[in-house]
Amino acid sequence: MKIVDAKVVVTSPGRNFVTLRITTDEGITGLGDATLNGRELAVVSYLLDHVVPLLIGRDPHRIEDTWQYLYRGAYWRRGPVTMAAIAAVDVALWDIKAKAAGLPLYQLLGGASRDRVRAYGHASGRDVPELFDSIRARQAEGYQAIRVQTGVPGLAKVYGVHRDGESAAEGRHPRPVVEDWDTAAYLRHIPGVFEAVRGEFGPELPLLHDAHHRLTPVQAARLGKALEPYDLFWLEDCTPAENQEGLRLVRRQTSTPLAIGEVFNSVFDYQTLVGEQLIDYVRSAVTHFGGVTPLRKLFDYAAQYQIKSAVHGPEDISPVGMAAAIHLDLAIHNFGIQEYSGHTALTDEVFRHAYTFTDGHLHPGEAPGIGVELDEELAAAHPYRPAYLPVNRLADGTVHDW
Ligand code: EZ4
Ligand code: CO
């Protein structure tokens, strides 16, 4: 088999998605997600100008070799743009190989290690009553594990907090919106929120919380300790993730489980964190980590340290990236949990997918390949719109971690 064509589709059915479609001389096609929120077109250029010309004529079955060729061959390694582009190629080739075999991808990864994959959803509220309503809404949708984010008194708008039913995409802007931040106010407020949630929903509901890289190690240690009575499933991204050594301090001070990695794009970003067992969950996305091939290797490395998977699954991962994640989740032994918010109905029409969400659990379905079909006509009817994430400033105007 030979690759005869590779095309990049940019579409915005509610938010921007970048998709690579590889076609072979036998007529089999494969899809890969290359979406990098807020920097989408840089990946489009990387693919069209520098990757697609190298793919034509290659044997699509040689996935590992193509991965190494693109990664080592570029000389310039790692980085979110490079790794999103390589991820799209990797997933599209796995899609083709699995379709050629007539099997769903998870069968090629060793087959199912479980019947279904537990997902967690997002609840948020500007205050505690609004948060309770949001948690109940997630429970009504079937979720059995819930990430909890709230507003902080004195702050106008906090990351991850929006009215229920208002998609995060509705808040997108052609220039970054400025949000305010005050770490001290946040640290004073959050333990009381979790006390209230435990009081209302009982001890069994798995609760997660995302600190979104806002804290120093000593602040994170204090928060982790303060949250111990409320038995979190994890505290996510407590400190800026590139400072791996900072996690030693956090780890020594608290037994609240820690999850990190959504902005990582290489196993080297995890060397200290995994090798010293400083975290409990690795959080990279298939789409931002170079694809299924390297993420599988990361999970195998993490497994030696009893660290589990928790693939990043925000709305800015397309259904193509989500499908690849769910196949991997089903197959690996050290699966932990999968983040999942679903997509807009229009997005699910553009990307028709075989995966399902039932009773708080995902299943990749039995369609050959990753099980996603792209409606290119509908995609073209919803063209790219510039959209940026917010930026964060302290009261004196200093830019803070986002
Ligand atoms: O802010 O994917 O856990 N999920 C998150 C996400 C990230 C976005 C950034 O594009 O923190 O919502
Ligand atoms: Co996060």
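A polar contact, as the term is used in these legends, is a pair of N or O atoms within 3.5 Å, and within protein one atom must be able to donate a hydrogen and the other to accept it, while residues adjacent in sequence count only if both atoms are side-chain atoms. This is a predicted model, in which local features need pLDDT of at least 70 and side-chain atom pairs count only at pLDDT 80 or more, whereas totals for chains, interfaces and linings use all residues. Residues are numbered from 1 along each chain as its sequence is written, chains are lettered from A and ligands numbered from 1 in the order in which they are written, and side-chain values use heavy atoms, with hydrogens and water left out.

**View 1. Surroundings of ligand 1.** Ligand 1 is surrounded by 13 residues, of which the closest are Asn37, Tyr159, His212, Glu262 and Asp316; a residue counts here if one of its heavy atoms lies within 4 Å. An oxygen atom of ligand 1 lies 2.9 Å from a polar side-chain atom of His212, and a side-chain N or O atom of Asp316 is likewise 2.9 Å from an oxygen atom of the ligand. For Glu339, the distance from a side-chain N or O atom to an oxygen atom of ligand 1 is 3.0 Å. Taken alone, ligand 1 exposes 320 Å², and the protein buries 87% of that, with areas from the Shrake-Rupley method and a 1.4 Å probe.

**View 2. The cobalt ion, ligand 2.** Asp210 (OD), Glu236 (OE) and Glu262 (OE) are the protein donors of the cobalt ion, lying 2.0 to 2.2 Å from it. Donors are N, O and S atoms within 2.8 Å of the metal (3.2 Å for Na, K and Ca), and sites may look incomplete because water is not among the atoms. Along the chain these donors follow the spacing D-x25-E-x25-E. Asp210, in strand β7 (residues 207-210), and Glu262, in the loop between β9 (258-260) and α9 (271-275), are 52 residues apart; helices (H or I, at least four residues) and strands (E, at least two) are DSSP runs numbered from the N terminus. Asp210 and Glu262 are both buried, a word that means under 20% relative accessible area, with exposed over 50% and partly exposed in between (1.4 Å probe, protein chains only).

**View 3. Aromatic rings.** The whole structure holds 16 aromatic pairs, defined for rings of Phe, Tyr and Trp (its six-membered ring) with centres within 6.5 Å, where planes under 30 degrees apart count as stacked, over 60 as edge-to-face and the rest as tilted. Tyr120 and Trp234 form an edge-to-face pair, because their ring centres are 5.4 Å apart and their planes stand at 85°. This pair links distant parts of the chain, since Tyr120 belongs to strand β4 (residues 117-125) and Trp234 to strand β8 (residues 234-236), 114 residues apart. Tyr120 and Trp234 are buried, and ring pairs link Tyr120, Phe233, Trp234 and Tyr281 into a cluster.

View 4. His213, in the loop between β7 and α7 (217-227), has a positive phi of about 65° although it is not a glycine. Most residues other than glycine have a negative phi. Asp231, in the loop between α7 and β8, also has a positive phi, near 50°. His213 is buried, with a relative accessible area of 6%, whereas Asp231 counts as exposed at 52% relative accessibility.
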